[in-house]
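Biologist: I'm new to this one. Can you walk me through it?
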Amino acid sequence: MKHTIMLFLAGALFAGFTAELDAQKKTAPAKAAEVKSQTPALMKKLNDAANRKNLAGAKAAFDELMKQSDITPAQKAAAHYHLGRTMQAQKKADMAAVEAEYDKALAIPEVSNDVKLAIIYNRADRAFKSNFPGGGIVYTEDGILKALALNLEASKLPGLTNMQKINASKRIANCLLELMRVEEAFAELEKAVKLPNLTWDEMYEAKINLANVYRRALEYDKADKIYREVLDSADKEKLHVHKLNFLYNMIAGRIAATQGEAAARAWLKSQPRTENLVRNREYKAREFEKFIKEHEATLKGTDPKKVRDRIGAINGLISIAVEKGDIAMLQDVVLKKGASVYKEDPGAKIQIARRLRGLSVGRHYMAGNLPMKLATIKLALALEPGDIKTMEEQLRVENLMRKHADAKATMEALIKHEKVSASQKLYYQAHIAAIDGKDAKAVAKKIKDLVKNAEDEKLRTDKELANVLLQAARTAHSMGKTELARGLWEIRGEMLVNRPKPTLKVPFIKDAPQDITEFIAHPYIKDPKNLGVLDFKYGDNLEFLLLTDSAITGRTITESTGTEPTKFAAICDHQGVKILFIMPCAPERAALLKQGYGGFGGFEMYLAMGFDQPYHCMLIDGPPKAKVWDDFNTQYNNKGFRVLKAYENYRSSFKITDNCVYMLLELDWSLAMNGIPTDGFIWEFEPIHWENRGRSWGGSVSVHNRSTFGHLVFTNMTPENRTAIKRSLLPKAKAAWNTEMSSRTGGVVEHWQDPELGDVRFDKEVVAPFRAKYGAYAAAIKPNMTDEEVNRIYDEAYEVLINTKFYIQQLRVEYLDRLLTEEE
Amino acid sequence: MKKCLSLASALALGAFMAVGTLQGAPNAAKLNPDNPASPEFKKNAAANRARVEQLAKEAGVKSDILHFTVRPMSEIMRLGDVYPTDGQFNAPLRAVAAQGEYEPMSFQLFALNGKKDVTFKISDLRDNKGNILPAKELDMKVVKIWYQNGNRWNSYFADVDLRLVPELLLKDENMVKVDTDQVANYARIRKDGKDTFVWISAPKALETGFNAAQKGFEDAAELQSVKLDKDQFKQFFVTVHVPEKQAPGIYTGTITINADGKNAGVIPVKVRVLPFELPLPATYQKLDQPVVCSVMGGFYLSTFRNIYKDEKLAMDRYIKAMKNAKAHGMFHPAVNQTAESLQILKDLGFPTDGPIMGSNFMPWFARNFGGKLTFDNMMAAKAAAKKAHDFYMKHLGHSKNILTSYGDEQGAAFVVTHRNFHKYFEEYGIRVGCAGHHALFYKGAHTYGVHPMGGAPDSIDRIKRWRDMGDIWVGFYASQHTGSENPAFLRRQNGMLGYLNGANLLDNYEFAIGPWNDLDSVLYKPMVVSYLNYGGYVDTLQWEAYREAVDDMRYCTLLQQEIQKALASNDIEYKTEARKALRFLAIIKPREDDLDSIRSEMIVYILKLRKMANAQKKG
């Protein structure tokens, strides 16, 4: 559509320009005889500059034009128009100035219709286009409506030619189509068809416009009827080939769609001047035999003047061979059939080589046919040996095809190539070492020597060595040399920072701080060794890990904003685990946050309460939002797991001071369904703080990176302290039991007794003993239990009581399984 | 400059070049507690031995191979040192199944002494009327524990290291070799009687692709001898398939264990065949709307052709895969939209009367970020709708509820730009959908017919508002995608959790065809539900979970049908029983209630209601 509009505009401009020259001839014939007028030349200069978007040239021509005494008002108007469109064509055009020029043109009463139309259409097209932005939500049709109004205005100009009226109709119809007023569009174009005194060309234009719109609106039969009418009225022998082929293709396309390809071809063959169209259809239908014969016949020719035809025949046969995927045919064409042509014309060899290279190198359509791709590459190299890009492509394909011996030979050739870079040479040598080698240490030594002696001293780095070892290991792995691959991988691994798992002690503290304020004041966080540091840049980062780099510069955090890293301390008490995050913050930012403005990086945290445990995912927005997300579940509630529920079994809170943001995360012990930790027990934990592009404690390469979680190690979990935890958990177990005993809450222990809704037999056989046993434990849970009582009840009954519902459901499943498979 | 040189080398070296990656850190997993050589594992194994010996003593069992029947769909990650807390020692294997249903059973063996050669013989099962449920209907496999990334049991995300997890269901446990010293999986390639082993768990940076479809890499047709390690548990799956015509009743039989040439015990098997077949699942509380059971990927014939290269082989494996899909409850697989593929669906008895996962044949307008469609775009959509209609009329005889998608995870601007063309498809009954988030509802709910919602199946509010739009299919994906190996979790998410919340579409992402290397991706793990190899797909715990999820919905559908029958009767007792069943469904907490318990309860209600219905008929 855009293309159509541009063609119209160009047509109008061209028409405008010729009209100006005509006007010049008419208005100043006498003067021309005396002193040759500069005006026509300047008009042409201005027009040319405008077409080339040359503003300086256009301005100069315009200024000169305005000085001409013989310039007519119409020419002045045209000059303003051309200057305006040149200004419009500039990047970041000053549209107000452009419009001013257009207004100046239109303000001249003698302005020609061509210029008027050009300006109106220019404005219409801009309005139209504004309704079709590259993105965003578009609710209105204002631009199209404006364009429609302008096009209508244009159509009503007095003195328009038929062709101008036809064009205006087309523009109006186009706007109506975009407004989905399709019937009105048809009517508008039918009006143009019915204009009086149309020449054949004008009739052609009007009818084709109508037919094209019928076709676009899927009214194929109506369109077809018009195409046929136009064709029938044309002098088929003389009609311009483009117009004729257009009509033929439209009609044949419709026949093919409704009656099949054979009918379309039969019809075409019944028409004059259709040989090429029929051939195109035959080729498209992959009917290659005819073309092969023709090309072969051409190749048999000996006329020296027709060598270009024979080169063309070779190219044609190559295309067919590739289309057919026939490697043998390709080789025959290039090497045998082409041989005599190469003798005739030495340039042909290079030409064909480049054609072959063009077919293969980087062409995606050949990606699925590697043997054909390799064949074209090899043939290209046979005709024009030594092209490094083609050799590199050959290597790539050989590698993809696991042709290791061939790849080695190609690399050996590349190493000797004069254009090979030192880097490439190094990598090729390393790959060859991996292909030839067996023992990892020996291959690694060879590679180290290669790097040490690399031609380019910039390559003599540990980073380059690590990368080369990696590539060699990949080659070994791809060959199935597992031990070599693993060995090289491990040798490379030794170059990396031996980064011990980050660990942090979680001591039990009897009088632990209860909120952020108390935590900040607590001596525990004053000792830096009690703090974990989120100093690991989130993501993959080889340089960060290289031992040599680290040894020289330490653990550099790239792209640091200069602020101190986030740190955290973790402790526990009888209620749960408390983790305080300390996030230094610039005073200005802290002040804004306090007022509820700005934003602070949120947290993404993972916590698994043991190596074999599912992990929890916690997303906590930074202040001022501080929203907690806990809806990514790795399991749902079951006997061994409880989902996080904000403000029920965990919570977070923030405090913003003048230069720091604190976040306290509190986790209830009831989440630890695998038991209360003993001394040395490990929870896996990874906090990622999305500040400074993400910093983590464990070293996450990506999110949910379980193996890189750090370790929280519990300490001071003395029997006395563990009893304190048990004491805090038992009331929760009792509450769980009571819920399941309640008739009000649909408790599962109570339910089965109900003769109407439950199952009295099941209750008597299975639930009643359970109820008696664990009801007694629940009843024994009281505020003033001795430590001994706490330990006994916890050890004997906590896990069942807290899971009462799940135990009863399991008992029910087993009971029904038994019942249904024992009793009919 | 160095970067430029490296890039040039990368281009030249093609697939063999990898950028430097962090995955070079020394492998610490060797010391993980899941390694049998670790102190933690040994400690657990010793404790388990003591516990099992005590049970054997109490039960008077003399064998040194002891068995526990366990829940096949369990949250318990059954590694060698994990005690089966849900297990029943020395108990019979039991299953309750409808006619035509596949139902899993599972048991674990614990070896007091290591055994190199353990084989099993399954007997025919018989009822008291002399009917036989043949042994061939009991498909027994060993649950293979192998290395997957550290998120193994818990999520679909990528990771840089490996941990052990039970996942594959194999006839030949040696199809994959697991080396706990090297922390590695190897594929066994058997050619001309010789075995070679290919490392299939290399770090991503080393991975150059493993052709799992190569000849010689496949599972056995029959269960092979297995090895039992001393003081370790090993899990087995026995999936019973009840033929459609099987007489209802209680069938009993045995699985006899033979270890190193000696009889090592017998496991009784009891299967209750229920007197009904299961219907296809229908939407909860809207029984006239089928639930769509599909998944993104996995079942394209074109993919099989690309993988196997050989046409005959590809077609054989594809037909096997499709039968496998149907047997797993995937009634609406997304297949190539060709006459050939649709014919295969029909031939294999997939439901093709709609809904069906189809295509809208729409051209892509590349307006991901909005803008305005042109008249020609709209007409292209109209033509595509006609083309789709004609295609489905020709090959299926209808175009009603052909479920199609256009775009993926699109924003508000995309929806506003494109929503107007949906009407052309709606005119033919073809539904356009898009996976994604809130914007699709706010800006397009009135025009969409299908919506995989990017969220969790427990997002009741998000599901509800889509269902409030009426005749629409809504499902979930991403929270989670496929990939977690935990069958209980998968069963819950794909089954009753979403179902009772109103979801009626399973179309999660994705049923990936490989790779076998769980480290071979960056952000997400390869979401392989079932692993393709030369022999076809091998089953997995999560694939079995999909079937159980669908079967839960089928049972619930049948129960609702029975309820509706009862509610339509004039018998107050019958009606009241139906209302009790309704009450039961209403109080289910699908996020946490025991799914086996829900299933059993549904069966009890179905049997009760059917019995009352029969009594009514007789009365």
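Biologist: In which sense do strand 1 of chain A and strand 21 of chain B pair?
Modeller: Keep in mind that this is a predicted model. The two strands pair in the parallel sense, over 2 bridges. Strand 21 of chain B covers residues 370–371.

Biologist: Which residue is the bridge partner of A:I137 there?
Modeller: B:G371, in strand 21 of chain B.

Biologist: And what holds paired strands together in general?
Modeller: Backbone hydrogen bonds, in either a parallel or an antiparallel arrangement.

Biologist: Now the whole interface. How many residues does each chain give to the contact?
Modeller: Chain A gives 100 residues and chain B gives 111 residues. Between them the chains bury about 8,800 Å². Carbon and sulfur atoms account for 56% of that.

Biologist: Which three residues of chain A supply more of its buried area than any other three?
Modeller: A:R474, A:F611 and A:Y636. They supply 10% of the area that chain A buries against chain B.

Biologist: How many salt bridges cross over?
Modeller: The rule finds 9 salt bridges across the interface of chain A and chain B. One of them joins B:K580 to A:E756, with the closest N and O atoms 3.8 Å apart.

Biologist: And how many residue pairs are in polar contact?
Modeller: 35 between chain A and chain B, counting pairs with both residues at pLDDT 80 or more.

Biologist: Which element gives the largest share of chain A's side?
Modeller: Helix 35 of chain A, with 13 residues. Other elements giving two or more residues include helix 9 (162–178) and helix 25 (462–478) of chain A. By class, that side has 38 nonpolar, 35 polar and 27 charged residues.

Biologist: Switching to chain B. Is B:T69 buried or exposed?
Modeller: B:T69 counts as buried because its relative accessible area is 8%, and the cut-off for buried is under 20%. B:T69 lies in strand 1 (residues 65–70) of chain B.

Biologist: What is B:T69 in contact with?
Modeller: Leaving aside neighbours within four places in sequence, its contacts include B:D86, B:Q88, B:L93 and B:F107.

Biologist: How many bridges join strand 9 to strand 28 of chain B?
Modeller: 2 bridges, and these strands run antiparallel. B:L168 has B:T540, in strand 28, as its bridge partner.

Notes. Residues are numbered from 1 along each chain as its sequence is written. Chains are lettered from A and ligands numbered from 1 in the order in which they are written. This is a predicted model: local features need pLDDT of at least 70, side-chain atom pairs count only at pLDDT 80 or more; totals for chains, interfaces and linings use all residues. Side-chain values use heavy atoms; hydrogens and water are left out. Contact means heavy atoms within 4.5 Å. Buried area is the accessible area (1.4 Å probe) that two parts lose on being put together, summed over both. A salt bridge is a side-chain nitrogen of Lys or Arg within 4 Å of a carboxyl oxygen of Asp or Glu. A polar contact is a pair of N or O atoms within 3.5 Å; within protein, one must be able to donate a hydrogen and the other to accept it, and residues adjacent in sequence count only if both atoms are side-chain atoms. Helices (H or I, at least four residues) and strands (E, at least two) are DSSP runs, numbered from the N terminus. Ala, Val, Leu, Ile, Met, Phe, Trp, Tyr, Cys and Pro count as nonpolar, Asp, Glu, Lys and Arg as charged, and the others, Gly among them, as polar. Two strands pair if DSSP finds at least two bridges between them. Buried means under 20% relative accessible area, exposed over 50%, partly exposed in between (1.4 Å probe, protein chains only).
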